[in-house]
Amino acid sequence: MTLRSLTFVIGTGRSGSTALSRVLNAHPGILSLNEYMASVGDAAFPAGELTGAEFWEALFRPTPYFTNMIRSGVPMPEFLYTRRPGRYAAETTGIPALSLMVLPHLTDDPDGLLDEIRAAVVDWPGRAAAGHHEALFELLCARFGHTAVVERSGYSTGWAPGLRATFPYARFVHLYRDGPDCALSMSRHPGYRTITLMREIKERTGVEDFGELTAEHVRSLPPDLAPLLEARFDPSLVRDRVFPLRRFGALWSELVTEGARFLAGLPAAQGMTLAYEDLLDAPRKELTSLAAFTGVAPCPRWLDGACALLDDSRRGSARRQLAPAELDDLLKSCAPGTQALEENRS
């Protein structure tokens, strides 16, 4: 199976991407899969064939990383299900992977939609993961009357090569935001603060995957890092930690460089860049281009509503809020990413 139109929006996160998901969700022809990859992750893309029941398990199984954050009192604002809880809870059943962020974006009854998906998926025949995902996207398109699929997850540039290999016909949009503003936003977000700490754990232990961690690795970690690997930890370890802003500037540089290089390797018809500041400056122009790229018409009513969903009040936040020396340090850490973006545009 090959979908008629499948697009992945990749980027750093904290780049206006959540607002873009809301804009896309308002289009009558677009199935907006908000944080789908962040929710199902690599576990939903194993090698070989999957039965329908095995695929369902990959969609249903709560994500341990997110469950631990909720139980520890550091939930992310992207966790839509926790705002209007249903039959699932992190403390008891765990919140299904699809339910935490994907389904509440599509419907006010995520539990009901999850039941519909299960009823269809469990009896699907065995096939490769790509075929199951495509069938799920087709199912949801039919359910909501859409014709194009756009997936958007934050912190997603690392998934791009694998998605390209799995869905070679897919299109990719590289969304990015001004480096200092994005880095400052990351520094205040519980998810990116946790990501930074988890990256430090990997650096200290020398592992590439947390599945490689041994008890000896854990014992080698300082007392302000080791507890983060437990099912429940003191939220102050994340909330009250003091981070140098340049660490988030370096993270932004790493991610946008990764995204720019990936996009540069795509055929022109399958790649598009979108700067959040350009979207704020010329929303109708940029959204018209984006709609055409994803395979839908830029409906005038949609464009009118989309403009109201975009908020430029946080533009320039780093330059307004930081002291000159702190801003200068952040700009230096963002310089490699800024250069990569400039080279990609030239």
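## Overall fold

The chain contains 19 helices and 7 strands. The model is a predicted one.

The radius of gyration is 20 Å, which agrees with the value near 20 Å that a compact globule of 346 residues would have. Along the principal axes, the C-alpha atoms occupy a box of roughly 55 × 50 × 35 Å. Among contacts with a separation of 6 or more, 77% join residues 24 or more positions apart.

## Burial, surface and charge

Buried residues make up 53% of the 346 in the chain.

The chain carries 36 positive and 42 negative charges. The mean position of the positive charges lies 4 Å from that of the negative charges.

## Cysteines

A disulfide is a covalent bond between the sulfur atoms of two cysteines. The count of disulfides in this model is 0. For C299, the closest cysteine sulfur is that of C307, and the 13 Å between them is too far for a bond; the cut-off for a disulfide is a sulfur pair within 2.5 Å. C307 is likewise in no disulfide, with the sulfur of C299 as its nearest cysteine sulfur at 13 Å.

C299 counts as partly exposed because its relative accessible area is 24%, a value that falls between the 20% limit for buried and the 50% limit for exposed. C307 has a relative accessible area of 27%, so C307 is partly exposed as well.

## S333 in helix α19

S333 belongs to helix α19, which spans residues 324-345. Its relative accessibility is 13%, so S333 counts as buried; the limit for that class is under 20%.

Apart from neighbours within four places in sequence, the contacts of S333 are with R246, G249, A250 and S253.

## L139 in helix α8

Helix α8 covers residues 129-144 and includes L139. With a relative accessible area of 29%, L139 is partly exposed.

Once neighbours within four places in sequence are set aside, L139 is in contact with I117, A120 and W124. The C-alpha atoms of L139 and V121 are 9.5 Å apart in space, while the two residues are 18 residues apart in sequence.

Definitions and conventions: Residues numbered from 1 in each chain as written. Predicted model: local features only at pLDDT ≥ 70, side-chain atom pairs only at ≥ 80, totals over all residues. Heavy atoms only, no water. Helix = DSSP H or I, 4+ residues; strand = E, 2+ residues; numbered from the N terminus. Rg over C-alpha atoms; globule rule 2.2 N^0.38 Å. Buried < 20%, exposed > 50% of the residue type's maximum accessible area, 1.4 Å probe, protein only. Contact = heavy atoms within 4.5 Å. Lys, Arg positive; Asp, Glu negative; His and termini not counted. Charge placed at Lys NZ, Arg CZ, Asp CG, Glu CD.
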